[in-house]
Amino acid sequence: MSPRPTKPQQRAQDQLARTFPPFPPAPGRRGGFASTWWGQAWVSALEECSLDSGRLTRGRTYARRGSVGEMTVVPGRISAPVQGSRPRPYRVSLAIPVLSDAAWDRLLNAVAARAGHIAALLDRDMPTELVKDALKAGVRLLPSANDLEPACSCPDWGYPCKHGAALCYQVARLLDEDPFVLMLMRGRGEQQLLDELARRNAARAASQAAASASASASVPSPRTPAPPTGTPAREAFAARADLPPLPGPPPLPERTGHPPVFEASRPPEPGIDPEALQTLAADAAERARRQLAAALANDTPPNPSDLTEWQDAVRIAAAHPHTEVFARIAKSTGRPPIELAQAVQAWRYGGTAALAVLEDPWTPDPSVINRARASLAEDWADGRPPQLRAWRNRFTVVGRDRQLRYGRDGRWYPYGKEDGAWWPIGQSDPDPATALAALLELQDHRS
């Protein structure tokens, strides 16, 4: 039996919990409960483990009439109240084995190896190729009949009972809408997965960029021509006495469109990179949309002009995780690709504040450190907290390649050591005990 989690560890686990509203009744619904192939695979696993087809039929009836309440998903379990014949709903849960850390490592490597897999997941799709690649890596993502363990507070001995079957059928509908629910039941939350995939992509891009930079180091770059001269705007508008009033703000689009594709019948002039222009156009469009959203909401967004050249380069690299873009930015900044990869990872965890934590050590007020140590001693239920070796705002766990860094924003940032370098590896937290518990639970996924 696994040891009971401490209070900080439980708080860290609860952050992954997701609760979904109940599906409305669908009394006229016929056919299967799932419309996607992975939802149908879930239903097949349920029906293969059942010992009584009659209970499955009654479970489908319960599900269609809306008897299943809010569904709460945590790693390894999904639970919901199910209204039966009695006034008080039954407590129903469904357990599914979580994947081991080694299995997650193999699965993430398989997903990160193909950009199409990541794009499909972001579109709430699960291609069959992803599942096949996972199986090749020795990971069975979709459950088999032996993986599902329903439980219910009713006195029925059925396996599953009709209330458990109802929950299972509604889960199939939930999986249709969001395959990340399956990932969470298997042990990892959506943001955890995206952060880890981004880190692996950044590391892969850094390695490829380093190899490309080494191969092209001896090739001289073309001389950039001087920019063309133009007419200052003040002079252009000086002849116009009466300017028309400004139009009203345009409606806010849900998302930006695709960037323009710059094509020409002849090669571009020296110093003009069409692909780089497309990336900058897409970035400018997204920033404009955010600025408009803030203006319509009477809010003040961060001004990109307040960023340094390095910070803005990191921001663009984080927003456009493509190997080609990363290589160009690394070359233009003159920084080693590994430094840019670390900075990009930090940026995704907290923008300029997280980037400062990565690059700028500082000495906090002693009272802050004393309060943090007191919090660790009070909240660490499982004996004494791990010993920490302090240097300025960095606190290294003795005997582990793990570190907490205290930011000027009052938050604690988790770090892990990889090949002699410290990498940001998780979300920050204002409570040092919660941050440390989550840090120690993070499995080292270095490959």
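Predicted model: local features only at pLDDT ≥ 70, side-chain atom pairs only at ≥ 80, totals over all residues.
What is the volume of the second largest cavity? The second largest cavity has a volume of about 30 Å³. A cavity here is a set of points, on a 1 Å grid over the protein atoms alone, where a 1.4 Å probe fits but cannot get out, and its lining residues have an atom within 4 Å of a point. Grid points are joined across faces, edges and corners, and the volume is the space filled by probe spheres set on the points.

Residues are numbered from 1 along each chain as its sequence is written, and side-chain values use heavy atoms, with hydrogens and water left out.

The second largest cavity is lined by Ala 346, Tyr 349, Ala 354, Tyr 413, Pro 414, Tyr 415, Pro 424 and Gly 426. Strand S9, residues 412-418, supplies the largest share of that lining, three residues. Strands (E, at least two residues) and helices (H or I, at least four) are DSSP runs, numbered from the N terminus. Seven of the lining residues are nonpolar, one is polar and none is charged; Gly counts as polar and Pro as nonpolar in this scheme.

I turn to the largest cavity. Its space comes to about 60 Å³. Helices H4 (101-112), H8 (180-185) and H9 (190-215) each contribute at least two lining residues, and H4 gives the largest share, four. The lining includes Trp 104, Phe 180 and Met 183. All ten of its residues are nonpolar.

Next, the packing. The largest nonpolar core comprises 58 residues, and Trp 42 and Met 185 have the most contacts inside it. Such a core is a set of buried Ala, Val, Leu, Ile, Met, Phe, Trp, Tyr and Cys residues joined through side-chain atoms within 4.5 Å, where buried means under 20% relative accessible area with a 1.4 Å probe, protein chains only. Helix H7, residues 162-177, gives the most to this core, with nine residues. Beyond its neighbours within four places in sequence, Trp 42 is in contact (heavy atoms within 4.5 Å) with residues including Leu 94, Pro 143, Cys 168 and Met 185. Another core, of 28 residues, lies apart from it, with Ile 316 and Leu 358 among them.

Finally, helix H5. Across residues 115-122, the buried ones are His 117, Ile 118, Ala 120 and Leu 121. These lie on the same side of H5 because they cover an arc of only 160° around the axis, taken from the directions from the helix axis to the C-beta atoms.

Conventions:
1 Å grid on protein atoms, 1.4 Å probe; cavity = no way out; pocket = protein on both sides within 12 Å on 5 of 7 lines; lining within 4 Å. Buried < 20%, exposed > 50% of the residue type's maximum accessible area, 1.4 Å probe, protein only.
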